[in-house]
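Subject: Structure handover

Hello,

Please find the structure below, followed by notes on what was found in it.

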Amino acid sequence: MDIDSELRGNVRLLTLREARIDAAGSMAFKEKVRTLIEDHEGPVVIDMDRVEFLDSSGLGALVAVMKMLGRNRSLELACCGPVVGKVLTLTRMDRIFVLHNDVEAAVSARDAA
Amino acid sequence: MSRAAAEPAADELIRARFPATDLAVREQIARVRVCLCRTRASVALQENVAILLGEILNNIVEHSLAGRHDARIALAVSRDADGICVETQDVGEPLPPQLLTSARLPETAVDVVNMPEGGFGWFIIHALADEMVYVRDEGTNRLSFRLSEPAP
């Protein structure tokens, strides 16, 4: 699971380099994100721009990441493509995660917060 | 006039048998998407087929054939005037009947530590499939469904 990680101010920005979060990769995604955010206490933004496919296992992995963030931080997803957007809308998880159209706007909104 | 002429056969896009593994499922979904690109199906319909196939095939791998990676899944995808038809077959456990009628979303109005990480799959299936038929026949599960062009 290929994920770039960089610190922008106090925001941890994770950029997915994979085309899918599916049943074959959801566990690796979850564990990789866990290691990338475990020592980080600030906001986390995930750039989903490269992700062309998400299934319910991948959705479950995103929920697991949201739980890692605890009660005081939301899961912020930027640039969700059409399939990811459709799965989130169908399952109404678009109301649970915080969605952004633009990575830079998401990061600066969180960094200022 | 023959029956075949009155009801033109669906245009078969894919007929495949593959191992019941996550990686084989991923590969088949990619293959189906390539085939659908060559049809007149809209991009939205192609996406719906991919999403639905992911849920149906993962369900077979994880539940029907749980752990039996030597077992195979048969998949047929065809196109007719009304949309895309998909049929899967496997020799695993029968499908629990309550899954066939409808599905509810898991409860998400809960504390974050209790948020559900599963239970979304069958809701997605029912949301996208227009007609779903399930037959259990001599130890074989045969599940077929149709997806129509989504409203613009």
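Cys85(B) stands opposite Arg146(B), a residue of β5(B). This is a predicted model, in which local features need pLDDT of at least 70 and side-chain atom pairs count only at pLDDT 80 or more, while totals for chains, interfaces and linings use all residues. Residues are numbered from 1 along each chain as its sequence is written, and chains are lettered from A and ligands numbered from 1 in the order in which they are written.

Strands β3 (residues 83-90) and β5 (residues 140-148) of chain B pair in the antiparallel sense over 8 bridges. Strands (E, at least two residues) and helices (H or I, at least four) are DSSP runs, numbered from the N terminus; two strands pair if DSSP finds at least two bridges between them.

An open sheet of 5 strands in chain B has the order β1-β2-β3-β5-β4, with antiparallel pairing. Its edge strands, each pairing on one side only, are β1 (11-19) and β4 (131-137) of chain B. Neighbouring strands of this sheet are turned by 10 degrees against each other on average, direction ignored. Axes are lines fitted to C-alpha atoms, for helices over the stretch in contact, and angles run from 0 to 180 degrees between N-to-C directions.

Helix α2 (residues 22-37) of chain B packs on the sheet and touches β1 and β2 (72-80) of chain B; the direction of this helix makes about 170 degrees with that of β1(B). Helix α3 (residues 43-64) of chain B also packs on the sheet, touching β2, β3 and β5 of chain B, and its direction makes about 10 degrees with that of β3(B). Contact between two residues requires their C-beta atoms, placed from the backbone, to lie within 7 Å.

α2(B) and α3(B) pack at an angle of about 155 degrees, with their axes 10 Å apart. α2(B) is therefore roughly antiparallel to α3(B) (angles under 35 degrees count as roughly parallel, over 145 as roughly antiparallel, 65 to 115 as roughly perpendicular and the rest as oblique). The residues of this contact divide into 10 nonpolar, 4 polar and 2 charged. Ala, Val, Leu, Ile, Met, Phe, Trp, Tyr, Cys and Pro count as nonpolar, Asp, Glu, Lys and Arg as charged, and the others, Gly among them, as polar.

Between the chains, 22 residues of chain A are in contact with 23 residues of chain B. On the side of chain A that touches chain B, α2 (56-68) and α3 (82-90) of chain A are the elements that give two or more residues. α2(A) gives the most, with 8 residues.

Regards
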